[in-house]
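Visitor: I've got a model open and I'd like to talk through its side chains. Can we go bit by bit?

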Amino acid sequence: MIKDNILKIKSTLPPQTRLIAVSKTKPVEMIQEAYDAGQRLFGENKALEMRDKHEVLPKDIEWHFIGHLQTNKVKYIAPFVSLIHSIDSLQLLQTVEKEAVKHDRIINCLLQFHIATEETKFGLNLQEAQAILNSDEYKAMQHIRICGVMGMATNTDNTTLVRNEFASLRAIFETLKKNYFIDSDNFLDISMGMSHDYQIAIQEGATLVRVGSFIFGARNYGVPVNDV
Ligand SMILES: *Cc1c(COP(=O)(O)O)cnc(C)c1O
């Protein structure tokens, strides 16, 4: 049951780690069930799906965007998104800034890093992130709050590899904190860990874990849906 799954995971989390229930592809009824069990943070990876769910579900939900975000989709989530985990270019950050201005709000963002051995995963390396943070464009932004870093480990049973990848994200976090955010109260978050590896992520310092199938069951993608 969704409620039992949430309570079980939450009972294992240290106080500094928050649970994001990843509800992508799952119906609003299941999200409501998790909400009724006290869950307030939900993660989605498609902009229109997240917008549609936001419209019909309770307004005190914190919506976390965790997937690859195309610049032309930012407008759908800009009015309400709580944290965008997947900033992987200056261009995307500029688009988020522009949309945040329109809604007169500050949008919280994480820089996504490529820490896995797989080629396919999105994300920056340290040099690319530093180039963004050093840029005049970034320095001029008034509606972006960089709150930390996000990453995905390699999908493998090799727990040593996974642990090393999470440790590398933690090291990136510490480097950026020291060099760019030493006086900031907002640069706090390390988003890492999914259903199969969130316990390792916690041991390596995750403040946000993103758990989907352990809560809602396996996803059945069935007929492919166009990216919305
Ligand atoms: C789907 C997804 C998750 C959750 O994956 P599970 O294995 O179902 O826990 C976490 N993070 C990201 C970025 C995802 O796309």
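Predicted model: local features only at pLDDT ≥ 70, side-chain atom pairs only at ≥ 80, totals over all residues.

Visitor: How far apart are the C-alpha atoms of Ile77 and Leu48?

Guide: They are separated by 7.8 Å, while along the chain Ile77 and Leu48 are 29 residues apart.

Visitor: Switching to aromatics. How many aromatic pairs does a search of the whole structure find?

Guide: Four. One of them is Phe173 with Phe187: the ring centres are 4.9 Å apart and the planes are at 10°, so the pair is stacked.

Visitor: Which parts does that pair tie together?

Guide: Phe173 belongs to helix α8 (residues 159-180) and Phe187 to the loop between α8 and β7 (189-191), so the pair links parts that are 14 residues apart in sequence. Both Phe173 and Phe187 are buried.

Visitor: What about Tyr198 and Phe214?

Guide: Tyr198 and Phe214 make an edge-to-face pair, 6.5 Å centre to centre with 85° between the planes. Tyr198 is in helix α9 (residues 198-203) and Phe214 in helix α10 (residues 213-216), so this pair ties together parts 16 residues apart in sequence.

Visitor: Is Tyr198 buried or exposed? And Phe214, what's its relative accessible area?

Guide: Tyr198 counts as buried, at 5% relative accessibility. Phe214 has a relative accessible area of 47%, which makes Phe214 partly exposed.

Visitor: Which residues form an aromatic cluster?

Guide: Phe173, Phe181 and Phe187 form one.

Visitor: What sits over the ring of Tyr35?

Guide: The charged end of Arg40, 3.6 Å from the centre of the Tyr35 ring.

Visitor: Back to α8. How many residues does α8 have, and how far does it reach?

Guide: α8 has 22 residues and spans 31 Å from its first C-alpha to its last. That's close to the 32 Å expected at 1.5 Å a residue.

Visitor: Which residues of α8 are buried?

Guide: Val162, Glu165, Phe166, Leu169, Ile172, Phe173 and Leu176. Looking down the axis of α8, the buried residues fall within an arc of 105°, so they line one face of the helix. Thr160 and Lys178, on the other side of α8, are exposed.

Visitor: Why would residues three or four places apart point the same way?

Guide: Because an α-helix has 3.6 residues a turn.

Visitor: What do the buried residues of α8 pack against?

Guide: β5, α6 (126-134), β6 (144-151), β7 and α9.

Visitor: And what's at the start of α8?

Guide: A side-chain oxygen of Asn158 comes to within 3.2 Å of the backbone nitrogen of Thr160 there.

Visitor: What about Asp104?

Guide: Asp104 has a positive phi of about 50°, and Asp104 isn't a glycine either. Asp104 sits in the loop between α5 (90-102) and β5 (107-113). With a relative accessible area of 66%, Asp104 is exposed.

Visitor: Last one: where is His143, and what does it touch?

Guide: His143 lies in the loop between α7 (136-139) and β6. Leaving out residues up to four places away in sequence, His143 touches Glu97, Ala100, Val101, Arg105, Ile106 and Ile107. At 19% relative accessibility, His143 counts as buried, since the cut-off for buried is under 20%.

Conventions: Residues numbered from 1 in each chain as written. Heavy atoms only, no water. Phe/Tyr/Trp six-rings, centres within 6.5 Å; stacked < 30°, edge-to-face > 60°. Helix = DSSP H or I, 4+ residues; strand = E, 2+ residues; numbered from the N terminus. Buried < 20%, exposed > 50% of the residue type's maximum accessible area, 1.4 Å probe, protein only. Lys NZ or Arg CZ within 6 Å of the ring centre and 35° of its normal. Expected span 1.5 Å × (residues − 1). Arc of directions from axis to C-beta. Contact = heavy atoms within 4.5 Å. Polar contact = N/O pair within 3.5 Å; in protein donor to acceptor, adjacent residues only side chain to side chain.
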